[in-house]
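Dear colleague,

Please find below the structure that I am handing over to you. My notes on it follow directly after.

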Amino acid sequence: MPHTASVKLDDKEFPLPVMQGSEGELAIDTRKLRTETGYICYDQGYGNTGSCESKVTFLDGDNGILRYRGYPIEQLAEKSDFVETAYLVIYGELPTPAQRKAFGLLLRQNAAVETQMQRIFEGFPVEAPPMAMLTSIVASMASHHSELATNNFEKDLQNFDLAAAMAISKTRTIAAMIYRYQKGKPYIYPKQDLPFCENFLHMMFSEPYKEYIAEPEVARALNLLLLLHADHEQNCSTSTVRTVGSSAANLFTSIAAGICALSGPLHGGANGAVLQMLQTIHDEGDDGTRFIAAAKSGSKSNRLMGFGHAVYRNFDPRARIIGKAAEDVLKKLGIKDPLLDIARNLEQATLKDDYFVSRKLYPNVDFYSGIIMRALGIPTNMFTVLFAVGRSPGWIANWHEVASNAKGRIYRPRQIYVGHTKRDYVPIDQRA
Ligand code: CMC
């Protein structure tokens, strides 16, 4: 690795330090470039900009590698569950049995949504988009638990364990309540004795006199789904959480901002769009040819949903795991879903199509996740809400890195201004 780099402007050279990450990732440290040269780095969308140093997740998009805290996603998917992985992502190590027990207890003790907070739901139209509801209701946690949300890093870090447990556990309960609210059904309260995912399914699907008992395959599939979404490096929503957190905003507010970012169809909203696409192909009796042809037009609105990724130039490792899991779950539950066949055909067709091959566009995590959620009985408009529950540990871990970095600065990128140059104000009666 070179130890120095430089920028040459005309015949003057400015040395720049070089950085190396623990997996050999290289960067040129340009923090002093502007003060020394007057130039900034231009990188629209930050595709080539390292905005932080992080110890949470390693992602190598060229080789399809994803690791949480050093552990390969494939091993965690096979051997861990969502709560254990959440602990790992947040605290950096796999928990000891005692730590796992204490963490589980804290999640159970902080699962319920307070009566006053429940009243917020009634302010929403029943047909409100679930992600819009989730954003507002999670943001309201900063007011209902203001002692944990002081907007002072030192104080908020002292209460971090409790705030983190609430952020995961209550977000899950809020998600289930949104589902019930939209169905016009009474809320089902969390049960202390149920594990995290079983409790989630109970709060969604139990009825006042008929308790839903999750099949082990169903609980396992939900665990896998949430675990695979637990973190994903500096994606749009996580960068948003870090940006908002860098202003010393508390954990709940920062997470609510992350949920806003996740709601967009190019990010978390893609999972619902995939299922709609597969359903349309099915309803039209098509084999996907029309969608593939439209996607190749280059228009953003016609993209093949569930394909491509901002950083993977190889198979998204999560898509491999989830594609296989979708088949297993459907088999175990005895469900024959024609959408899975359509998805497989679409994947095969794109693997032979030069447009997709040359651009290295492969299925991403969202391509098969919708099929699993559908098999679990979760409606399409709730898919991104489940993604948000799964991503909460990653947002929490990234907020914690920002809050505990004594040398951290507020996130404040620069720009190249391309608007009008200076001009004088014209009174309204003199304007054409
Ligand atoms: N369908 C058709 N063409 C595509 C697609 C797609 N899904 N994705 C990218 N392209 C094209 C793109 O138009 C560009 O073409 P050209 O070189 O001719 O201009 C080329 O492929 C390279 O695109 P890119 O620079 O890799 O894409 P990007 O970084 O701007 O966007 C993306 C990444 C995920 C927003 C995009 O691939 C996309 O819109 N995919 C569909 C939505 C989707 O599935 N999103 C979920 C992402 S995974 C969940 C998450 O982590 O948020």
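The notes below treat the ligand site and then the salt bridges.

Please bear in mind that this is a predicted model.

The ligand is surrounded by 18 residues, and the closest are H267, R303, L304, G306 and Y355. By class, this shell comprises nine nonpolar, five polar and four charged residues. One lies 2.9 Å from a polar backbone atom of G306. The side chain of N364 places an N or O atom 2.9 Å from a ligand oxygen, and a polar side-chain atom of R359 is 3.0 Å from an oxygen of the ligand. On its own the ligand has 950 Å² of accessible area, of which the protein covers 76%.

Turning to charged pairs, the model contains 17 salt bridges. Among them is the pair D29 and R31, with N and O 2.8 Å apart. D29 is buried, at 13% relative accessible area, whereas R31 is exposed, at 70%.

A further salt bridge joins R290 to E284, their closest N and O atoms being 2.9 Å apart. R290 is partly exposed at 44% relative accessibility, and E284 is partly exposed at 44%.

K324 and D328 also form a salt bridge, at 2.9 Å from N to O. Both residues belong to helix α16 (residues 317–332), where they are four residues apart and therefore separated by about one helical turn. K324 is partly exposed at 49%, as is D328 at 30%.

Finally, R180, K185 and E207 are linked in a network of salt bridges.

Yours sincerely

Methods:
Residues are numbered from 1 along each chain as its sequence is written. This is a predicted model: local features need pLDDT of at least 70, side-chain atom pairs count only at pLDDT 80 or more; totals for chains, interfaces and linings use all residues. Side-chain values use heavy atoms; hydrogens and water are left out. A residue is near a molecule or strand if one of its heavy atoms lies within 4 Å of it. A polar contact is a pair of N or O atoms within 3.5 Å; within protein, one must be able to donate a hydrogen and the other to accept it, and residues adjacent in sequence count only if both atoms are side-chain atoms. Accessible areas come from the Shrake-Rupley method with a 1.4 Å probe; for residues, only the protein chains shown count as cover. Ala, Val, Leu, Ile, Met, Phe, Trp, Tyr, Cys and Pro count as nonpolar, Asp, Glu, Lys and Arg as charged, and the others, Gly among them, as polar. A salt bridge is a side-chain nitrogen of Lys or Arg within 4 Å of a carboxyl oxygen of Asp or Glu. Buried means under 20% relative accessible area, exposed over 50%, partly exposed in between (1.4 Å probe, protein chains only). Helices (H or I, at least four residues) and strands (E, at least two) are DSSP runs, numbered from the N terminus.
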